[in-house]
Amino acid sequence: MATLRQQALGIVQARPRVKVTPPSPKISDFFGTNVFGTDQMKQSLAPSVFKKVMEAIDKGSKIDVQTAEEVASAVKTWALSKGVTHYTHWFQPLTGSTAEKHDSFFDAHAGLEKFKGSALVQQEPDASSFPNGGIRSTFEARGYTAWDPSSPIFIFDNTLCIPTIFVSYTGEALDYKTPLLKSLEAINEAAVQICQLFDRNVRKVTPSLGVEQEYFVIDKALFNARPDLVMAGRSVYGHNPARGQQLEDHYFGSIPTRVKDFMVDFEIEAHKLGIPVSTRHNEVAPGQFEVAPVFEEINKAVDHNQLLMDMMDKVAERHGLKVLFHEKPFAGVNGSGKHNNWSLITDTGVNLFQPSNSARENLQFLTFLVATIKAVYDNADLLRASIASAGNDFRLGANEAPPAIISVFLGETLTGVLDELEKNGNIKIEKGDNMYMKLGISKIPEIILDNTDRNRTSPFAFTGNKFEFRAVGSGSNCAGPMSTLNVIVAEALNTMAKDIEKEIEAGKEKKIAIVNVLRKYIKDSKKVRFEGDGYSEEWEKEAAKRGLSNLKATPEALDVYAAKATKEIFERHNVMNALELHARHEIQLENFIMKVQIEARVMGDLALNHVIPTAILYQNKVIQNANGLKGLGLDHSAAVETIKEVSKHVESLKSNVTAMIDARKKLNKEEDVVKRAKGYQKDVKEAYFDKIRYAVDKLELLVDDESWPLVKYREMLFIR
Ligand code: ADP
Ligand code: MG
């Protein structure tokens, strides 16, 4: 009988192309048609109701019962007109994906479709099995979802989806959205306070986010024939193909037809959902691609990214494809990340990270730039923790970048500006002097945007008018790292405001006060700035000398969540309390353990059930051959050599798999979750994964191709 691998390869080559026809050649004709957005609300709500909803969005004010009723009624009418039958509160529990529980509009008692304001505003899903890190005891297992009007209601898969937060009965956040929304208040307050030093008109500052999303695409049949991909999202075995990414012919190359059809299809769905996707291209690794939207207000951007991933998964199904969001599905080629392009924008329309021609605005720009650098320097470990996951460990600090060392890249021009500002620390500024000229900050070339050096190896790079946090894992929810970034920058801005105030109180003119503080911060945070090759060994050494952390594995990267300073900073900004922080620490550790455990099990199962039996069957054939040759009096040394090699690898496999199972058994008895996670890292993953993989990958090269059961790398990466 043909192996699953052979059957799969047959299916792929016979797979017909799925033609996609957009509803209209013009995107504007269907953009946002599945969204109950501002336009929809304006059309369908009474002006007074519309005003109240807009206020709730802008100022976070509460929506009263009457308003909720009117919105619910309008939403229902709109949804029914589009053939929608069910609604759901759509939320982002700490599993990392999104959750929904559909309820029908149809009320059997009344015999008609109903949707009450109360159902819009709040629900109590039976959510006791979502991770809660001990927040909810079993007797109080209730969780609530509550409408977040700042993210628009949408229709997905014929269901009306209402974006909500998810909290426990006692008010603790059980999701990603709640801390994100709170972090927006923190950064708003801190940033407005600094803006006011420059422009009294600024009333609100909002972070913007544009997420470049990387992903792999492989044929569904090939995916299904790899139990490791199905179970763990990652191939645990597979010898490097003869050709990988060394030709660099895939990057920005012509997009393979089936993938292109898939892209067109999911882009249409994205546009209907109001997700402004605009860029598509091949990425570095074969089979790897990227999609990027135009940036949006951060809460919307995060929701859109979550929705996009979910939707891509569904659309791929129609094309017989599978999307992989794992950070490292294939060893030996690049992994996938999610570049988080982040900036701060005022209600007066100024991007605070945009250098300009005006000297005064430039001082404001430098203030925010330096505060962010300082924030990253002071809280590098928190940023590192915010992106820690079992999957991302295969990227960060593994063979290819970005490294687990958090550093900031600025580019030559800005480095020059900051160096000069620091160096000119002793320049005396007299009354009537042009301070900006004297300090060399009167003009930061506008071309900076076009000539920002592209250092792709930096985990946190300034790219012209925004910072780009590149170390975020491709599968993660951006809300985690973005809440952390908002909080630490808020902290730096607040400290800065106090320091400037002190200088002013000491009699310094405002401008001078600001510059003095900037100089100090530039000096203090200099160690975190790095312009060189982040992938290099020299950088690891240099970073160690500088005292920068290099936390390669998730369990140790998460230690910072237990630190007193972490609790203080999150509490000070009213983003998370000690209990919520502790819960997250525990959930992430558990998640890490489960991921490693699943991978270890898949490795064991595949080795014992697929690889060893296949190797032994093949070995028997070679034994027959050796005996035959021997009987004929011919040289059979090559055959004997192969027999020995197969034996060697099979034995190594058997003993390592057995030892790994024992190590797991021992660790599973460990009650302390921190110790258990660290044990899984060291005594399971580090101790056995590479060894076991080595033996399997060697056997793949020895055993005849026809009987090898696992789809090979060259097939997964190149056949579609
Ligand atoms: P690349 O980094 O690959 O060169 P771009 O510079 O075009 O790509 O931008 C990548 C992402 O950054 C896009 O999603 C884009 O909308 C977003 N972006 C651009 N400007 C900003 C900004 N001021 N704030 C946040 N995101 C931004
Ligand atoms: Mg980029």
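This is a predicted model: local features need pLDDT of at least 70, side-chain atom pairs count only at pLDDT 80 or more; totals for chains, interfaces and linings use all residues.
Reader: How do you know where domain 1 and domain 2 lie?

Author: The domain assignment of the protein chain gives the bounds. Domain 1 covers 31–175. Domain 2 covers 184–588. Their centres, taken over C-alpha atoms, are separated by 30 Å.

Reader: How many residues from domain 1 and from domain 2 make the contact?

Author: Domain 1 gives 31 residues and domain 2 gives 25. Contact here requires heavy atoms within 4.5 Å.

Reader: What makes up the area buried between domain 1 and domain 2?

Author: The buried area is about 2200 Å². Carbon and sulfur atoms give 56% of that. On the side of domain 1, Phe31, Gln92 and Phe156 lose the most area to domain 2. Together these residues account for 24% of what that side buries.

Reader: Why is the meeting of Lys314 and Asp157 called a salt bridge?

Author: The side chains meet at 3.7 Å, N to O. The cut-off is 4 Å between a Lys or Arg side-chain nitrogen and an Asp or Glu carboxyl oxygen, so the pair qualifies. Across the interface of domain 1 and domain 2, the rule finds one salt bridge.

Reader: How many residue pairs are in polar contact across the interface?

Author: The rule finds 14, with both residues at pLDDT 80 or more. Strand β8 (residues 153–156) supplies the largest share of the side of domain 1 that touches domain 2, three residues.

Reader: Which classes of residue form that side of domain 1?

Author: It has 13 nonpolar, twelve polar and six charged residues.

Key. Residues are numbered from 1 along each chain as its sequence is written. Chains are lettered from A and ligands numbered from 1 in the order in which they are written. Side-chain values use heavy atoms; hydrogens and water are left out. Domain bounds come from an automatic or database domain assignment. Buried area is the accessible area (1.4 Å probe) that two parts lose on being put together, summed over both. A polar contact is a pair of N or O atoms within 3.5 Å; within protein, one must be able to donate a hydrogen and the other to accept it, and residues adjacent in sequence count only if both atoms are side-chain atoms. Helices (H or I, at least four residues) and strands (E, at least two) are DSSP runs, numbered from the N terminus. Ala, Val, Leu, Ile, Met, Phe, Trp, Tyr, Cys and Pro count as nonpolar, Asp, Glu, Lys and Arg as charged, and the others, Gly among them, as polar.
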